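Student: I have a new structure to go through. Can you take me around it, please?

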Amino acid sequence: MKNNKLKALTIYIQAVIAMLIIQMVHKIVREIPGAIRLGGFGAYANPAFAGLLLIAIILLLFRKRLGLYLGMIDAVFMLFQPVLVHIIWAHPDQNGIWWYPVFPWTQAILIIYFSILVLHKEKTVE
């Protein structure tokens, strides 16, 4: 049976934690206030995902694999969130910048990339 605890707080895990912190700050500063102004589902979903990020960071500090998976769940949501809000629900960006979703998409891709890298590195060490 595989151990559910990561071996060490490696540079790879630190990179995931850094990306999760950046995304959590982004949610607190930019997304949550905008979602509250828009109302509806986003006013509840964004704070919930910010909480998920906080839990993921704490779990990763204790070297728990679950933190990686929670971070990746949030990253997948970040990939679809701009499409859902700006295209499907047709809410323009707060600042009118059409290319703004590039930032959360980049953060999401980096979180997924570093999380997969950690999982791969842990398997090669075991």
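This is a predicted model: local features need pLDDT of at least 70, side-chain atom pairs count only at pLDDT 80 or more; totals for chains, interfaces and linings use all residues.

Student: Where is K27 found?
Tutor: In helix α1. Helices (H or I, at least four residues) and strands (E, at least two) are DSSP runs, numbered from the N terminus.

Student: Is K27 buried or exposed?
Tutor: K27 counts as buried, at 0% relative accessibility. Buried means under 20% relative accessible area, exposed means over 50%, and partly exposed is in between, with a 1.4 Å probe and protein chains only.

Student: Which side chain does K27 meet in a salt bridge?
Tutor: That of E31, at 2.8 Å from N to O. A salt bridge is a side-chain nitrogen of Lys or Arg within 4 Å of a carboxyl oxygen of Asp or Glu. By this rule the count comes to one salt bridge.

Student: Why are E31 and K27 about one helical turn apart?
Tutor: Because they are four residues apart in helix α1, which covers residues 11-38. An α-helix has 3.6 residues a turn, so residues three or four places apart point the same way. Side chains of opposite charge can pair when their charged atoms come close.

Student: And is E31 buried or exposed?
Tutor: E31 counts as buried, with 10% relative accessibility.

Student: What joins the side chains of K27 and N46?
Tutor: A polar contact of 3.5 Å. That term covers a pair of N or O atoms within 3.5 Å; within protein, one must be able to donate a hydrogen and the other to accept it, and residues adjacent in sequence count only if both atoms are side-chain atoms.

Student: Back to α1. What is centred on K27 there?
Tutor: A kink of about 45 degrees. The bend at a residue is the angle between axes fitted to the seven residues ending there and the seven starting there.

Student: How many residues does α1 have, and how far does it reach?
Tutor: α1 has 28 residues and reaches 38 Å from its first C-alpha to its last, close to the 40 Å expected at 1.5 Å a residue. The expected span is 1.5 Å times one less than the number of residues. Just after α1, G39 takes a positive phi of about 75 degrees.

Student: What about L60?
Tutor: L60 lies in helix α2 as well, which runs over residues 42-61. L60 is buried, at a relative accessible area of 0%. L60 and I13 are 47 residues apart along the chain, and their C-alpha atoms are separated by 7.2 Å.

Student: Now the whole chain. How many helices and strands are there?
Tutor: Four helices and zero strands.

Student: How much of the chain is buried?
Tutor: Buried residues make up 43% of its 126 residues.

Terms used:
Residues are numbered from 1 along each chain as its sequence is written. Side-chain values use heavy atoms; hydrogens and water are left out.
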